[in-house]
Amino acid sequence: MTIENAGTDAADSRFAALPCRPGKIIAVHLSYQSRADQRGRRPAFPSYFFKASSSVAASGSTIERPTGTELLAFEGEIALVIGTPARHVTVDEAWSHVGWLTASNDLGLYDLRANDKGSNVRSKGGDGFTPIGPALIDARGVDPDGIRVRTWVNGEIAQDDTTAGLIFPLAQYVADLSQHFTLETGDIILTGTPAGSSVIVPGDVVEVEVDVPATGATSGRLVTTVVQGDGPAYDEAVGSLPAVDDTQREEAWGSREAAGLPEKQPPASVLTPELRAKLQRVPVAGLSAQLRKRGLNNVSIDGVRPLHPEAKLIGTAKTLRFVPNREDLFTSHGGGYNAQKRAFDAVQPGEVIVIEARGESGSGTLGDILAIRAHAQGAAGIVTDGGVRDLDAVAAVGIPVYTSGGHPAVLGRKHVPWDHDLTIACGGATVQPGDIIVGDNDGVIVIPPRLVEEVVDEALAQEEEDAWIADRVAEGHPVDGLFPMNAQWRATYDAAQAAGARGPLA
């Protein structure tokens, strides 16, 4: 059922589509899978910000783009209007406290995000920045998983998604917020926007519609027209001024291409192709010797063996940490889009996922699906001081993997995936994001990035020296005085180097 103009506030037509002026407007930061994919990040839990009720506007209103700004963006959203107060309600109970749903446009001014991003007080709290309406849909009998939101800009479809694409169900927002404060009748929850949000300019007309395809109920189209504001510019003596950069432009427009920006280049890595080629030639044992000379004796990841002994592992560390299993913590952190899945989704080409499992091999820390994901992402390899499930299938993927061994159990037996991209301990070694990881059949070693160039060059020089010594031993010379070289042999070696000779001595 659709309710037209339910409960007009006689004193203010801005609230004509609502049962009353809302006491609270709570907005969700990131909620749709399509938007999360666009932004390259996905939250483990919902997060929120408040909007003032003075930002509400009716359908057919105009929105001013303030003087001196450029990045006004629309966000078509489903608005939930609380029908009966909710406090400490469960997810199963939560939907019954939603009285109505309707269309909303969570307008934002990216120029003002710099100093209060997250709270969005200024960037999303301006007058007219929350158009809502034009009609309410009775939430009774509506399947919360079957609601659609669409947005048009100048008649062209810009957003089209349904609640089936949400990361978290609508009822979870109600239940979650009710843990912290009472949701009162008339309060509004703006449930986030799908992919497609972008910048609008003066003269643009934005229309948002929420409907329930299964029943035909609709909010009607919420219409907002953009105009150029002619008010005074922001005053630096009072507060921060609008500021934009390419990051803000990319997020406001939705992509670098839409913003007219050149393709972003990845940050320069210390692991240049030349350095990788050098590391390919140096055994881990040689690198270990050079690090020991510099006082670094605890840089080997112990207790792990390669599934592909013939494959050299070279990359930069991306870290993942498991903590010992505790049933309540596994309930809160083990399911859904947990830290393990986030780390494997976010791994970049050339990175090595290094997993802290405390040397506990009585459970798998990854299986074939995650190995395939890492391989598809271009990861250089995986190192875990825990176990691996589906060992043969993981080996068949082809990505270099170092592990303490196979085990059939899943995470919940021994581990809780906790967090990623932080300093961890793996196989007795401290590993930080960005550390250089090198592995061969002798094991895996961790090299601080600032040392890698000098370490590899000296290791190559040592390898050449050792090869020359090996040739002399093969010729029949005794080891004493030759390994290590005494002054006489050192002079002979230096002369041979100067002459470019490695073969038998004359």
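Modeller: Gladly! Let me begin with the words for the surface: a residue is buried under 20% relative accessible area, exposed over 50%, and partly exposed in between. Please keep in mind that this is a predicted model.

The pair to start from is Glu 209 and Arg 150, a salt bridge whose closest N and O atoms are 3.4 Å apart. This pair links distant parts of the chain, with Glu 209 in strand S14 (residues 205–212) and Arg 150 in strand S11 (residues 148–153), 59 residues apart. Arg 150 has a relative accessibility of 17%, so this arginine counts as buried under the 20% cut-off. Glu 209 is buried too, because its relative accessible area is 12%.

Next, turn to Lys 24 and Asp 187, another salt bridge, where 2.7 Å separates the closest N and O atoms. Here, too, distant parts of the chain are linked, and the partners are 163 residues apart. Lys 24 belongs to the loop between strand S1 (2–4) and strand S2 (25–28), while Asp 187 belongs to the loop between helix H4 (170–178) and strand S13 (188–190). At a relative accessible area of 18%, Lys 24 is under the 20% cut-off and therefore buried. Asp 187 has a relative accessible area of 0%, so this aspartate is buried as well.

Asp 138 and Arg 140 give you another view of how partners can sit. Their closest N and O atoms are 2.5 Å apart in the salt bridge. Asp 138 is buried, with a relative accessible area of 5%, whereas Arg 140 reaches 66% and is therefore exposed, over the 50% cut-off.

As for the general idea behind such contacts, side chains of opposite charge can pair when their charged atoms come close. Over the model, the count comes to 28 salt bridges, and the pairs above are among them.

Among the cysteines, Cys 426 is buried, with a relative accessible area of 0%, and Cys 20 is partly exposed at 26%.

Definitions and conventions:
Residues numbered from 1 in each chain as written. Predicted model: local features only at pLDDT ≥ 70, side-chain atom pairs only at ≥ 80, totals over all residues. Heavy atoms only, no water. Buried < 20%, exposed > 50% of the residue type's maximum accessible area, 1.4 Å probe, protein only. Salt bridge = Lys/Arg side-chain N within 4 Å of Asp/Glu carboxyl O. Helix = DSSP H or I, 4+ residues; strand = E, 2+ residues; numbered from the N terminus.
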